[in-house]
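Have the sequence and the 3D view open as you read.

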Amino acid sequence: MRKNPGLWLCLLMFMLMPSLVWANTLTIEDVDLPEPGSAAKNADVSVYFDLRAGEQAITGITAENCTVLIDGNAPEVKEAEMIPFKDGTRGVGVLFIFPIAKNYDEESFGIRESIGNLLKLFNRDIDVLNLIPYDSSATSTGWHKASDGTTSKTLSEITTESEVLEPNLFTSFSPAIAMLKNLEGVSKKYVVIVSDAEGAIVGQPERANQMIGVFTDQLKQNHITPIVVGYSPDGAAAMTNIPLLKRIASNANGQYFQAERRDAFQAVMTNDVYNYIYGRYIYHAVLDMNNPYLEEKKYNLQLVVKTKTSEDKAAYQIAWPALKKDLLWLWLTIGISVIIIGGVVFFIVARRREDDEEPIVDEGPQEVCCATCGKVLPKQLYGFNGEFCLSGGLPDCPYYQMPDRGKIQITRGVLADTTFFIKKDMTTIGSYPENDIYLDDKSVSRKHAAIKTDEGKRYEMRDFGSSNGTYVNNEKIDRKFLRDGDILRFGTVETVFKLK
């Protein structure tokens, strides 16, 4: 082994390969900040971001997974929600480039049909679409709103009557840059290129590489993201110049997909390409910015997204606007504090005088009883303000008569028969008292899991990456829909899920 250091290097690279392949990529694309002159307190901030593992967008991210830091400080979050990019107010511009040469007949290739099916998925007024069909020349059909159907109608009128046998992809580069460079009113620009690159060479590989280099430089300069689809229904053997297409995607920080059958091409267009454009998020948070107050200047905003497998970070430079700092709350707080402190001091002094005058009486151990059923509360539930009862949810419990969305009842231990009621769309579970269901046990994580319900129609259990796991009927789960009578276990705490 000492004589073969290369073998050790190979083994090390093999061990590291999975982490290199599956590394997540977090990108902040834009940040919406408060309007200049608005009140500093409770400032709205929206972070548009993209998180992917390889080519796939990571799904299931919630507001609880995200943290915003401004120059390393985490402001207090008053409210937070995760919004799909499709439901946001930022539009995209998408330009489709595809061949129309004589031998690219629609019956065999189905290029226009697959693009047409993808166009049907674009339906927002804020998105715009354009087409550049190419053979030995290329001309843009013009920008149109995605919602008005004009682009789909134009696509259906395009024919493949060209006498050119091998279309030249390079003829589309110049009009594509011109159209996307001058496009305004969108937050992101994409060029979707469909090609097998066969007609782009014409026996001049050096010339081809030179033109691709110029094209990708222009894409980066104008913040245009390429989505390249290498496609031929005749399989990989018919696509000998695929490295050129991959170079367009990689050099301009875009994405490459490949299809070697007509049905695969249809799936790539309506699934992979569509999800690459819209598989992004908007993290919207209402931040309390009065403490610390941010002056008007540039700051470094950092987004931290925690998933079950990793913690990803991305930074973005923001120009914080000039906001009005409301000091009324400060003076009110000081005044109220003085009154409260004075009252407390007066009360303490008065009680001490009473204590000096009255003999001390030993009243024995004090007990705390349930306000609804009168039973003595276990110490584990002292101070917990959530909705629960010790009667097991039986009709003698006042809560039993109230409308609810199901309940969880502990079946073992000192808290056996304690019933927690599900009355929210998202009910959190954990060993931290601020949870809706409080399980005071060392095996339960601070924020262990949650039950999400859509107005009581379905109930979905979600694990929050807990240390000891969440189990439904002895099956460890990440997410699972519940049924009446399911046995739920959080760490070692066993419960049962019930419906009325």
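A search of the whole structure turns up 13 aromatic pairs. Rings of Phe, Tyr and Trp (its six-membered ring) pair if their centres lie within 6.5 Å; planes under 30 degrees apart count as stacked, over 60 as edge-to-face and the rest as tilted. Take Phe-85 and Tyr-278: their planes are at 45 degrees, so this pair is tilted, with ring centres 6.2 Å apart. The two come from distant parts of the chain, 193 residues apart: Phe-85 is in the loop between strand S5 (76-84) and strand S6 (92-99), while Tyr-278 is in helix H8 (residues 262-278). Helices (H or I, at least four residues) and strands (E, at least two) are DSSP runs, numbered from the N terminus.

Helix H8 also holds Tyr-274, which pairs with Phe-122 from the loop between helix H3 (111-119) and strand S7 (128-134), 152 residues apart. The ring planes of Phe-122 and Tyr-274 are at 75 degrees, so that pair is edge-to-face, and the centres are 6.0 Å apart.

Before going on, a word on the source: this is a predicted model, where local features need pLDDT of at least 70 and side-chain atom pairs count only at pLDDT 80 or more, while totals for chains, interfaces and linings use all residues. Residues are numbered from 1 along each chain as its sequence is written, and side-chain values use heavy atoms, with hydrogens and water left out.

| Residue | Relative accessible area | Class |
|---|---|---|
| Phe-85 | 2% | buried |
| Tyr-278 | 7% | buried |
| Phe-122 | 2% | buried |
| Tyr-274 | 15% | buried |

Now for the strands, which pair if DSSP finds at least two bridges between them. Strand S26 (residues 493-498) runs antiparallel to strand S16 (residues 407-410), joined by four bridges; there, Ile-408 has Phe-497 as its bridge partner. Strand S25 (residues 487-490) pairs with S26 as well, again antiparallel over four bridges, and Phe-490 faces Val-493.

Note on methods
Buried < 20%, exposed > 50% of the residue type's maximum accessible area, 1.4 Å probe, protein only.
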